[in-house]
Amino acid sequence: MTPAIETHALRKVYGPTVALDALDLRVEPGEVFGFLGPNGAGKTTAVKLLLGLTRPTAGEGTVLGRPIGDREARGRVGYLPELFRYQAWLTAHEVLRLHAALAGLAPGARPAEIERVLALAGLADRADERTGGFSKGMQQRLGLAAALLGDPALVILDEPTSALDPVGRGDVRAIIREARERGSAVLLNSHLLGEVERLCDRVAVVHHGRVVASGALGDLLGEPAVRLRVTDLPAAATAEDGPLAAFGPVALEDGWLAVRPLDADRIPDVVATVVGLGARVHAVDPARRSLEDVFLDLVRAGGPQPDEDGPGGHGESRAR
Amino acid sequence: MTPRLVLIIAGLTVRELTRRRVLWVLLGLSLASVAFVGWGVERLVSLARAEGVAELQVRIGVSQVLILIAFMFSFVLAMSAAFLAAPAIASDVETGTVHAMLARPLRRSELVLGRWLGLSAVVAGYAAVSGSLAIGIVRLVSGHAPPEPQVAVAFLAFQAIAILTLALALGSRLPSMAAGAITVVVFGLGWFAGVLGNLAVAFDAAPLAAATDVVRVIVPTDGLWRGVVFGLEPPLVLLLTTARGAAALEANPFFASAPPPAAFVAWSVAWVALVLLAGMAAFRRREL
């Protein structure tokens, strides 16, 4: 099957700044693909390259089987820009009519399709208001509606929940799931890890303009584990040949006793053993690593110098 | 180039100008100025007639006042064209509106051409309506009818289109403020070169005349303004001045003894096309 997106060593340099180093990406038709990275990692640059809004310095790629930026392919792509702005002097309905016309939707199909996406984005009762009076969240919903017009084969969403409250975020998750059910591939560009973790089939983590990890979410998160908050634990319990060693590697992490990897079925046995050793158990956390842990590890490992600033602290991009 | 998409953008541009009340404000102001002009000219004519000034002199006086009014109107029109066209592309880029639109199967050249068409239609329509109204009211209150009002209005619109084309083209690459300011400076330079060139001819200063000729080719707005003047100048005035051989009158920016040559008009059309194409090329290469 033709991939929805495929890039080979896609590169973009602005003056001395390398915005995107060598991007290799493949998004299959019908999948929700999470494109993660700290601010300035090159996510938005990659999206703009895919849509022909900027031209690559080197490398190549295809969108829906056509060269990137191709006009015909753009007719089958829906896009919510990071900077979502629509004509303030048009109503929401008129903005969608404009986009339906630009996208080349059959004139007869437009009214019903516009009503469908308005309802989907929760804008049905604000459709006749000018967008200039919309809150940022409403404008972002309008952008989502525009991106979903005409059931595009590929939907590219650049930070689709940046202006939304938790209710709105929930709505967006439902909208993305529905788009997938209707057969669209979705490229979800985000640094909100919880969102990606709940939605995406596969993810790629980009840092300094390169993909530093990619794959199915399950593979990236690694095996399940358990963490116990315990007190009065005998020192010998965590020894390499101690009573817990039979379950797997044991470690103390910030006052938590962690056994990883550990099959979820064996959690009660671990708890029973720890209690049997005379320790007091205050909490049990059947934790796998969160996407955030994985992400932070990857980003910190890939940084120019390991620091404690967190993901945003590595600057905008790397100069070579 | 897909005509359907160009027309969508042109229609959007016209709608933007009406929705943002620009058009209505301009029309309202023009109506007010036309009323003021009508009142002023009527007062002048009545006073002159009461003083017993010969009717021929009154008519000639009114014709010159009308040219002065047309000059002020052409200036207002030029400024409006520059300030409407400069942000037409530039502000869409600055606000990000353009990203969602150009991600559709819309070529950048189609966006620029559609913007140009919409703006040209509005500016030309505005020039035609306001210009005809001003000429009409002067005729009504004074009886003076310029020889070729339609030529004057056509050149008025042409000049405004030339200016909006330059502002739009600059705005496809530069921020809107810069594009607007540069256009106004270029317009002023063209006018100045026109005056200077006429002076040069009148005083036989060949090198200066050659230099200003170059500027008038690069910036054809002043030459187009001469077309407006020619359309408004009564044949009698032309006859009198040429009979007297008053070469110095040529230096008057409100005087034209001949219509712009056909070659100049053709060049002006080509100039508009070239500037528009340059704007499209610049926008095509722009990183968004």
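pLDDT is the predictor's confidence in each residue, from 0 to 100. The model shown in these views is predicted.

**View 1. Confidence along chain B.** Chain B has an average pLDDT of 90. Of its residues, 95% score at least 70.

View 2. For chain A the mean pLDDT is 87. A value of 70 or more is reached by 93% of the residues in chain A. The highest confidence in chain A belongs to helix α3 (residues 92-102), at 97. The lowest belongs to strand β15 (residues 318-319) of chain A, at a mean of 34. Over residues 304-320 of chain A, pLDDT stays under 50. For that stretch the model has 33 contacts beyond four places in sequence. Where pLDDT is low, predicted coordinates should not be read in detail.

**View 3. The contact between chain B and chain A.** The predictor assigns the complex an ipTM of 0.87 and a pTM of 0.86. Chain B contributes 29 residues to the contact, and chain A contributes 32 residues. Between them the two chains bury about 2,800 Å². Carbon and sulfur atoms account for 52% of that area. On the chain B side, the most area is lost to chain A by Arg19(B), Arg104(B) and Pro105(B). Together these three make up 26% of what that side buries.

**View 4. Helices α2(B) and α3(B).** Helix α2 (residues 22-50) of chain B packs on helix α3 (residues 55-95) of chain B at an angle of about 165°. Their axes lie 11 Å apart. Angles over 145 degrees count as roughly antiparallel, so α2(B) is roughly antiparallel to α3(B). The crossing of α2(B) past α3(B) is right-handed. From α2(B), the contact takes Val22(B), Leu26(B), Val37(B), Val41(B), Leu44(B), Val45(B), Ala48(B) and Arg49(B). They meet Glu55(B), Val58(B), Val62(B), Val65(B), Ile69(B), Ser80(B) and Leu84(B) in α3(B). By class, the residues of this contact are 12 nonpolar, one polar and two charged.

**View 5. Helices α6(B) and α7(B).** Here helix α6 (residues 149-171) of chain B packs against helix α7 (residues 176-202) of chain B. The angle is about 140°, and the axes are 8 Å apart. The two helices are therefore oblique to each other. α6(B) passes α7(B) in a right-handed crossing. On α6(B), the contact residues are Gln159(B), Ile163(B), Leu166(B), Ala167(B), Leu170(B) and Gly171(B). On α7(B), they are Ala179(B), Ile182(B), Thr183(B), Val186(B) and Phe187(B). The contact of α6(B) with α7(B) has eight nonpolar and three polar residues, and no charged ones.

**View 6. Helices α3(A) and α5(A).** The axes of α3(A) and helix α5 (residues 136-148) of chain A come within 10 Å. They cross at roughly 30°. Angles under 35 degrees count as roughly parallel, and α3(A) and α5(A) are therefore roughly parallel to each other. Their crossing is right-handed. Ala92(A), Val95(A), Leu96(A) and His99(A) form the α3(A) side of the contact. Leu142(A), Ala145(A) and Ala146(A) form the α5(A) side. Six residues of this contact are nonpolar, one is polar and none is charged.

Definitions and conventions:
Residues are numbered from 1 along each chain as its sequence is written. Chains are lettered from A and ligands numbered from 1 in the order in which they are written. This is a predicted model: local features need pLDDT of at least 70, side-chain atom pairs count only at pLDDT 80 or more; totals for chains, interfaces and linings use all residues. Side-chain values use heavy atoms; hydrogens and water are left out. Axes are lines fitted to C-alpha atoms, for helices over the stretch in contact, and angles run from 0 to 180 degrees between N-to-C directions. Helices (H or I, at least four residues) and strands (E, at least two) are DSSP runs, numbered from the N terminus. Angles under 35 degrees count as roughly parallel, over 145 as roughly antiparallel, 65 to 115 as roughly perpendicular and the rest as oblique. A crossing is left-handed if the near helix is turned anticlockwise from the far one by less than a right angle, and right-handed if clockwise. Contact means heavy atoms within 4.5 Å. Ala, Val, Leu, Ile, Met, Phe, Trp, Tyr, Cys and Pro count as nonpolar, Asp, Glu, Lys and Arg as charged, and the others, Gly among them, as polar. Buried area is the accessible area (1.4 Å probe) that two parts lose on being put together, summed over both.
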